[in-house]
Amino acid sequence: MGRAPFHGAAPAYRRLMRDDPRDPRLPTSPGFWRSPLRGPWFTSVLGLVLLGGITVLFVTGLLSYAAYNPDLSPVNDKTPDKGILGFYLFAWPTNPHWLYRLNQGVHVTLGIALIPVLLAKLWSVVPRLFTLPPARSLTHALERISLLLLVGGGLFEFVTGVLNVQLDYVFPGSFYPLHFYGAWVFFAAFVAHALLKTPTALRNLRRLREEKNDLVSPRPAEPTVSRRGALWFVGGGSLLLFATTVGQNFGGPLRRTALLAPHGGGEPGSGPNGFQINKTAAYAGIDTAQAAEDTWRLVVTGRTGTVRLSRAQLAGLPSYSASLPIACVEGWSTPDQWWRGVRLRDLAALVGYEDDPPDVFVESLQPRGAFRKAALRANQVADPRSLLALYVNGEELSPDHGYPARIIVPAAPGVLNTKWVARMTFGDL
């Protein structure tokens, strides 16, 4: 008589195979990842594109932060605990007048255009996220941790940047410190990764036929597109995002191509005041009675005391014109507009600073919100194009553009061009 079969063996065997990390049904198995596109050459091309692009993003981001003059006054400093991370800050220049417009346009447009490259790069190396054991040595553990900071930091920076561009502030806390500190963490991990991997990436580009590493599938599926075709697909996605974003940096017909930008499309209205704005007077909570010509007074304080000026008195002072754009941190800007008003240096002269205009602290009628107060450096006050503007393109400012008076300074971020100005205090800050 034979023995009865032992029916528990098969389930146990299947359970063992299910728990085996080499089981091709599990993401921990190299056989799970079957795309024939993955390999050192494909990953290296994407990595070298990101090497250049992210470096430009980091530099333009630092310059954008410097443009706020955060070490001038606490009201300009949205990252008060930056410590040594503010080592590079300098007095932001006023020449050329389109400097901030160019810097921020490059920063935002390039960042959006790189999204397909970043996603393709992460897809190309995703098998390594499931490699077992998690750490083979202390060195390997440190490398895995740096990759966690690199991937997490990169996604955090791109996501918060896109949300800010879309004016969708759903993240916890202020955008400025989150994006600033996140950039330093991400870029530190990025530099470490680049130092380790760039020589390997360059070697991989020269060895087009010898692709043997853990990214190459041991049992690849049939290809549906070549690696070069995949790169063209990624590049086409980047080009499409570029084309549907870059127009927000310009006026006229090109702005209509900025389909993904909140300030794309046509100009909001017609006439001299028919150009882009971020906040309307109603949104900012401006009291129309306070802004009325018969009640509004500009309070100017300085070395020799305080002067109160009505709008009619300001209009009676020597006036000057300047052709300047408005450029904002979200990457959008207006074409150059013709502004006319009183030079800031002349207002400083009214309160005792005839030859040496100092810094100025500007306060708005806006009752609450970020940048209802702002500080400008002495070099910005001294520039003859820096105005307390009363008119734009030959017409009085509209309420949404800052009536009864607004600041306009060459090369300054839009939020420092304070609207609905109520008080100006000249002196060293």
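In the predicted model, leucine 167 lies in the loop between α5 and α6 (175-206), where this residue adopts a positive phi of about 60° although it is not a glycine. The side of the chain at this point is not fully enclosed, since leucine 167 is partly exposed, with a relative accessible area of 33%. A positive phi, of about 55°, is also found at tryptophan 420, which is likewise not a glycine and is placed in the loop between β9 and β10 (421-426). Tryptophan 420, however, is buried, its relative accessible area being 2%.

Two cis peptide bonds were also identified in loops. One joins asparagine 95 and proline 96, with omega at about -10°, and proline 96 belongs to the loop between α2 and α3. Another leads from tyrosine 403 to proline 404, with omega near 20°, and proline 404 is located in the loop between β8 (395-396) and β9 (406-408).

Among the helices, α4 (residues 115-125) and α7 (residues 227-243) have axes that come within 7 Å and cross at roughly 150°; the two helices are therefore roughly antiparallel to each other. Their contact brings Ile115, Pro116, Val117 and Ala120 of α4 against Val234, Gly237, Ser238 and Leu241 of α7, and by class it comprises six nonpolar, two polar and no charged residues.

An unreviewed UniProt entry places the feature "transmembrane region" at residues 41-68, 106-126, 147-166, 178-196 and 229-247. In the model, the chain over residues 41-68 is 93% helix and 0% strand, with its end C-alpha atoms 41 Å apart, while over residues 147-166 the chain is 95% helix and 0% strand, with the end C-alpha atoms 28 Å apart.

Five strands form an open sheet of mixed pairing, arranged in the order β2-β1-β10-β5-β6. Strand β1 (residues 298-302) runs antiparallel to β2 and is joined to β2 by five bridges, with valine 299 standing opposite arginine 308 of β2.

Terms used: Residues are numbered from 1 along each chain as its sequence is written. This is a predicted model: local features need pLDDT of at least 70, side-chain atom pairs count only at pLDDT 80 or more; totals for chains, interfaces and linings use all residues. Side-chain values use heavy atoms; hydrogens and water are left out. Axes are lines fitted to C-alpha atoms, for helices over the stretch in contact, and angles run from 0 to 180 degrees between N-to-C directions. Helices (H or I, at least four residues) and strands (E, at least two) are DSSP runs, numbered from the N terminus. Angles under 35 degrees count as roughly parallel, over 145 as roughly antiparallel, 65 to 115 as roughly perpendicular and the rest as oblique. Contact means heavy atoms within 4.5 Å. Ala, Val, Leu, Ile, Met, Phe, Trp, Tyr, Cys and Pro count as nonpolar, Asp, Glu, Lys and Arg as charged, and the others, Gly among them, as polar. Two strands pair if DSSP finds at least two bridges between them. UniProt positions are given in the numbering used here, feature names are shortened, and annotations may be inferred rather than shown by experiment. Buried means under 20% relative accessible area, exposed over 50%, partly exposed in between (1.4 Å probe, protein chains only).
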